[in-house]
Amino acid sequence: MLTTRILPAATVLLLLFLSVAVASASPLTDRGQGPTTRFRGLRSSSSSRFRFRGRFRYRYRYNYTVPSSSVGSSGGPPGGGKKLAREFLNAHNRVRFEKGQPPLKWDAKLARTARRWGDERRNDCEMRHSSSPYGENLFWGGQDHWTPTEVVESWAKEQDYYNVLSNGCDAGQMCGHYTQIVWRSTAKIGCARQKCAGGGVLVICNYDPPGNYINENPFGLSTAGAGAGPD
C-alpha cells in the first residue's frame, strides 16, 4: 500500500523562506552590451585562463586615490554623495593600477546619465542596458547592502576568465565588465546606486570613451591572430 508523506505547513514555509533568502543574497551582473558601430563585446573562448605577468604591472606612477576636490558638489550619486563617488572611483582605479592602466576621473555628466537610468528602472530593476553612447556596467543585488567597492570587486573577478592571448572570455563565462574597467582609452566614469522598489539595489556605471570593441585589446596590445568577436 502506497502512502504519501505530507510535510507540516510550517516546514514548507521555512524551506520556501530559506530558498528565497539564498537567492536574494546572490548578486547578478548583466550579460554585456551588444555590438555597436565598432562591434563592442568579447567572444567566449575555450582557451585556458591567463594571469598577467609582472611586465604588465606598474608601468605608470599615479596617485590612484581621489581627493575630495576631485568630485564636485553635485557630481556624486544619491545616497552618499561625494563619499560614494570617491569609493566608486577609487575601487575602479585600484583595479586599473594593478594592470598598469592610467587612472579614471569622475565625471558628473556620466553620473547623471547613470542616475537617470536608475530612476527609470527603480520599479523593476531589470538588468537592461540604456541607449546611452557610453560603456555601461550593470549590477543587481537582492539586498541593498552592496557597497561600491564590493560591486567593482565582483566585476573585477572576471579577470580570471579573460584570456589575453585570444582576447576573449573563457567558454561560458563573462569577462566584459572587467575589460571595460581596465580598458586603456577609457578616461572618465560616473556611477549611480539605485534602491529597487521591490527590494535590492541596482548599480549602473558609465564609461567614456567606451571599451569592449572587437579586435581591440583592453591593454592596447596587438590582437593579431586573436579571435575576438561578439557574444
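pLDDT is the predictor's confidence in each residue, from 0 to 100. Keep that scale in mind, for this is a predicted model.

**Colour by confidence.** The protein chain averages a pLDDT of 74. At least 70 is the score of 61% of the residues. Now select strand 2, residues 44–45: among the elements of the protein chain, this strand has the lowest mean pLDDT, 28. Jump to strand 3, residues 105–106, for the highest, 98.

Select residues 31–39. Here the pLDDT is below 50. Beyond near neighbours in sequence, the stretch has 17 contacts in the model. Next, select residues 225–231. The pLDDT is below 50 there too, and this stretch has 21 contacts beyond near neighbours in sequence.

**Move to strand 7.** Select residues 188–195. Is this strand mostly covered or mostly open? Mostly covered: six of its eight residues are buried.

Strand 3 pairs with strand 7 in the parallel sense, over two bridges. Show the side chains of Lys105 and Lys188. Lys105 stands opposite Lys188, which belongs to strand 7.

Select residues 201–208. Strand 8 and strand 7 pair in the antiparallel sense over eight bridges. Which residue in strand 8 is the bridge partner of Cys191? Pick Cys205 to see that partner.

**Finish at the turn.** Strands 7 and 8 form a hairpin, with five residues between them. Click on Gly199 in the turn: its phi is positive, at about 105°.

Note on methods: Residues numbered from 1 in each chain as written. Predicted model: local features only at pLDDT ≥ 70, side-chain atom pairs only at ≥ 80, totals over all residues. Heavy atoms only, no water. Helix = DSSP H or I, 4+ residues; strand = E, 2+ residues; numbered from the N terminus. Contact = heavy atoms within 4.5 Å. Buried < 20%, exposed > 50% of the residue type's maximum accessible area, 1.4 Å probe, protein only. Pairing = 2+ DSSP bridges.
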